[in-house]
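I'm putting the structure up first, then jotting down what I looked up.

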Amino acid sequence: MRNVATYYLYVLSDDDCWKLFAKHAFDGSSPTKHPDLMAIGEAIVKRCGGLPLAAKTLGGLLRCKPDADEWKKILQSNFWDIPNYASNILPALTLSYRYLPSPLKRCFAYCSIFPKDYEFEKEELIHLWKAEGLLSSPKTMEI
């Protein structure tokens with residue numbers, strides 16, 4: 001064993017956070033093609049506070065929702081007002097969980113039976129979900 005200097009990660013700049021969000025939210029198409037969504041998306045990115053996981057998660061969530069009203073619901077959600085120390089979960093992650101389809105929520109909740117920091121292979125977890133009947137069809141979860 002040896003000591004290694006600590007490497008501190010910093011939050012992303014607003015510009016970099018926007019690029020990451022846009023990459024996932026617009027799935028490769030130009031955000032300028034969607035000016036109504038672009039303005040809302042920029043406001044959402046500001047609420048992410050430069051956290052890449054929040055930007056990526058919300059971008060992926062909104063990719064399937066090209067409706068400006070859906071984006072506004074995310075922006076105006078009261079989950080943003082919950083202090084991090086109150087729930088210990090980023091508001092952006094709480095929002096993404098809230099909008100998951102019910103079958104996927106059950107799969108996510110199943111992971112709570114494992115101890116904190118438990119590492120498993122993706123295939124192992126999918127087989128466990130299948131054994132528990134959490135996957136309705138083999139196509140539900142892509143490997």
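Predicted model: local features only at pLDDT ≥ 70, side-chain atom pairs only at ≥ 80, totals over all residues.

What pattern does the protein chain follow, read along the sequence? I get α-α-α-α-α-α-α-α. The count for the protein chain is 8 helices and 0 strands; helices are DSSP runs of H or I with at least four residues, strands are runs of E with at least two, and both are numbered from the N terminus.

Residues are numbered from 1 along each chain as its sequence is written, and side-chain values use heavy atoms, with hydrogens and water left out.

Entry: α1 and α2. I looked up how helix α1 (residues 14-25) packs on helix α2 (residues 35-48): the angle is about 120° and the axes are 9 Å apart. Axes here are lines fitted to C-alpha atoms over the stretch in contact, and angles run from 0 to 180 degrees between N-to-C directions. α1 and α2 are therefore oblique to each other (under 35 degrees is roughly parallel, over 145 roughly antiparallel, 65 to 115 roughly perpendicular, the rest oblique). From α1, the contact (heavy atoms within 4.5 Å) takes in Asp14, Cys17, Trp18 and Phe21. From α2 come Met38, Gly41, Glu42, Ile44, Val45, Lys46 and Cys48. I sort these contact residues into 7 nonpolar, 1 polar and 3 charged.

Entry: α3 and α4. Helix α3 (residues 52-63) meets helix α4 (residues 68-76) at about 150°, with axes 10 Å apart. That angle makes α3 roughly antiparallel to α4. On the α3 side I list Leu58, Leu61 and Leu62, and on the α4 side Glu70, Trp71 and Ile74.

Entry: cysteines. How many disulfides does a search of the whole structure find? I get 0, where a disulfide is a pair of cysteine sulfur atoms within 2.5 Å. For Cys17, the nearest cysteine sulfur is that of Cys48, 5.2 Å away. Cys17 is buried, at a relative accessible area of 1%. The sulfur of Cys107 has its closest cysteine sulfur in Cys111, 7.9 Å away and too far for a bond. Cys107 is buried too, at 2% relative accessibility.

Conventions
Buried < 20%, exposed > 50% of the residue type's maximum accessible area, 1.4 Å probe, protein only. Nonpolar A, V, L, I, M, F, W, Y, C, P; charged D, E, K, R; others polar.
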